[in-house]
Every structure is written in C-alpha cells, then in structure tokens.
Amino acid sequence: RSPAMLLSFAANHFTEAASRYFKSQYDLGAIDWRLLFFFARNPGGTAALAARTIGIDKGAVSRSLQRLVEADLVVAGDLHSNGRSRGWTLSKQGHKLHGRMLRVALDRQKQVLRGFTPAEIESFCDFLQRFLANLAAMNADSET
C-alpha cells in the first residue's frame with residue numbers, strides 16, 4: 001500500500017503495455033515514442049532537456065535520436081550558442097506519425113482512467129505533479 005511503490009508498479013505496467021503496442025504498430029521503442037511526443041510538445045527542445053523532462057539517460061536519448069533521424073521522424077536544428085547542443089523538431093513524417101499515435105494514446109488513456117470522475121482525474125494529476133516536484137527537490141538537494 002505504499003504510494004511510491006504503487007506508482008512505480010503502475011508506471012512500469014503502463015509503459016510496458018504502451019511499448020508493446022507502439023513497437024508492434026509503429027516499430028518504435030519506449031524511448032523513441034516518448035521523444036516523438038516530447039518534441040511534438042517542445043519543438044526546438046534539446047536532447048538534454050528531453051532527458052531531464054522524461055527522466056532518462058542522455059546516452060539513451062542520443063541513441064534514440066539517431067534512430068528517429070534515420071527513420072526521418074526528427075530533424076536537427078542549428079547548434080546553439082554554446083556550440084554543443086541543438087534543438088530538435090519533428091519532420092513532416094514525424095508530425096503525421098505523432099498525430100496517429102496521439103489518437104491511440106488518448107484512447108488508451110481513456111481506458112486506464114475508466115471509472116474516474118473528471119474531478120478525480122484533476123486531483124490525480126495534481127498529486128503526480130507535486131510528487132514530481134518533490135522528486136526534483138530531493139534530487140537537487142542530493143546534488144549539492
């Protein structure tokens with residue numbers, strides 16, 4: 001009955017189910033489809049920002065970006081002023097695929113939230129955002 005463990009179990013099961021589906025339908029792994037969704041919402045975002053936001057290793061993001069570039073789903077922008085990072089955007093093909101995948105993802109979301117009222121969903125999102133903020137604060141404290 002630990003909230004942290006239940007969240008962890010739910011996230012693992014949710015990601016596994018989505019990964020199986022997106023792999024079978026679109027040949028995209030978990031990090032690939034997460035990045036596709038990330039860059040659809042954050043055009044011009046960097047790999048480092050994607051890694052921090054999604055909570056995955058920068059190396060995994062780099063490998064996934066390489067696959068997405070080879071599949072013509074993302075396009076690299078110019079180097080930023082720091083000379084090391086660049087922004088990424090979805091290609092025309094990436095936008096089309098994202099649109100198809102988004103419809104499926106929203107339908108799957110409806111299925112997992114079946115039986116929840118709109119107020120419960122709003123509270124649930126609020127709880128998760130506070131949980132994530134607390135995690136970020138814990139991580140910041142441990143880095144200092």
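Which helix gives the most to the lining of the largest pocket? Helix 1 does, with 13 residues. The model is predicted: local features need pLDDT of at least 70, side-chain atom pairs count only at pLDDT 80 or more, and totals for chains, interfaces and linings use all residues. Residues are numbered from 1 along each chain as its sequence is written, and side-chain values use heavy atoms, without hydrogens and water.

**Overall build**
- The chain has six helices and three strands. Both are DSSP runs numbered from the N terminus: helices are H or I with at least four residues, strands are E with at least two.
- Starting at the N terminus, the order of elements is α-α-β-α-α-β-β-α-α.
- Along the principal axes, the C-alpha atoms fill a box of roughly 45 × 45 × 25 Å.
- Of the 144 residues in the chain, 24% are buried. Buried means under 20% relative accessible area, exposed means over 50%, and partly exposed lies in between (1.4 Å probe, protein chains only).
- Take the contacts in the chain with a separation of 6 or more: 48% of them join residues 24 or more positions apart. Contact means heavy atoms within 4.5 Å.

**Largest pocket**
- Its volume is about 2,400 Å³.
- The lining has 44 residues, and the closest to the pocket centre are Leu 7, Ala 11, Phe 14, Leu 128 and Leu 132.
- On a 1 Å grid over the protein atoms alone, a pocket is an open set of points where a 1.4 Å probe fits, with protein on both sides within 12 Å along at least five of seven lines; a cavity is a set from which the probe cannot get out. Lining residues have an atom within 4 Å of a point.
- Grid points are joined across faces, edges and corners, and the volume is the space filled by probe spheres set on the points.
- At least two lining residues come from each of helix 1 (3-26), helix 2 (30-41), helix 3 (47-54), helix 5 (92-112) and helix 6 (118-143).
- By class, the lining has 28 nonpolar, eleven polar and five charged residues. Ala, Val, Leu, Ile, Met, Phe, Trp, Tyr, Cys and Pro count as nonpolar; Asp, Glu, Lys and Arg as charged; the others, Gly among them, as polar.

**Helix 1 against helix 2**
- The two pack at an angle of about 90 degrees, with axes 9 Å apart. Axes are lines fitted to C-alpha atoms, for helices over the stretch in contact, and angles run from 0 to 180 degrees between N-to-C directions.
- That makes helix 1 roughly perpendicular to helix 2. The cut-offs are 65 to 115 degrees for roughly perpendicular, under 35 for roughly parallel, over 145 for roughly antiparallel, and oblique for the rest.
- Thr 15, Ala 18, Ser 19 and Phe 22 of helix 1 meet Ala 30, Trp 33, Arg 34 and Phe 37 of helix 2.
- This contact has five nonpolar residues, two polar and one charged.

**Helix 2 against helix 5**
- Here the angle is about 105 degrees and the axes are 10 Å apart. The pair is therefore roughly perpendicular.
- Helix 2 brings Trp 33, Leu 36, Phe 37 and Ala 40; helix 5 brings Gly 94, Leu 97, His 98, Met 101, Leu 102 and Ala 105.
- Eight of these residues are nonpolar, two are polar and none is charged.

**Two residues**
- Ser 19, in helix 1, is buried at 14% relative accessible area. Beyond its neighbours within four places in sequence, Ser 19 contacts Leu 28, Ala 30 and Trp 33.
- Gly 59 sits in helix 4 (residues 58-70) and is partly exposed at 25% relative accessibility. Its C-alpha atom is 9.7 Å from that of Ala 48, eleven residues away along the chain.
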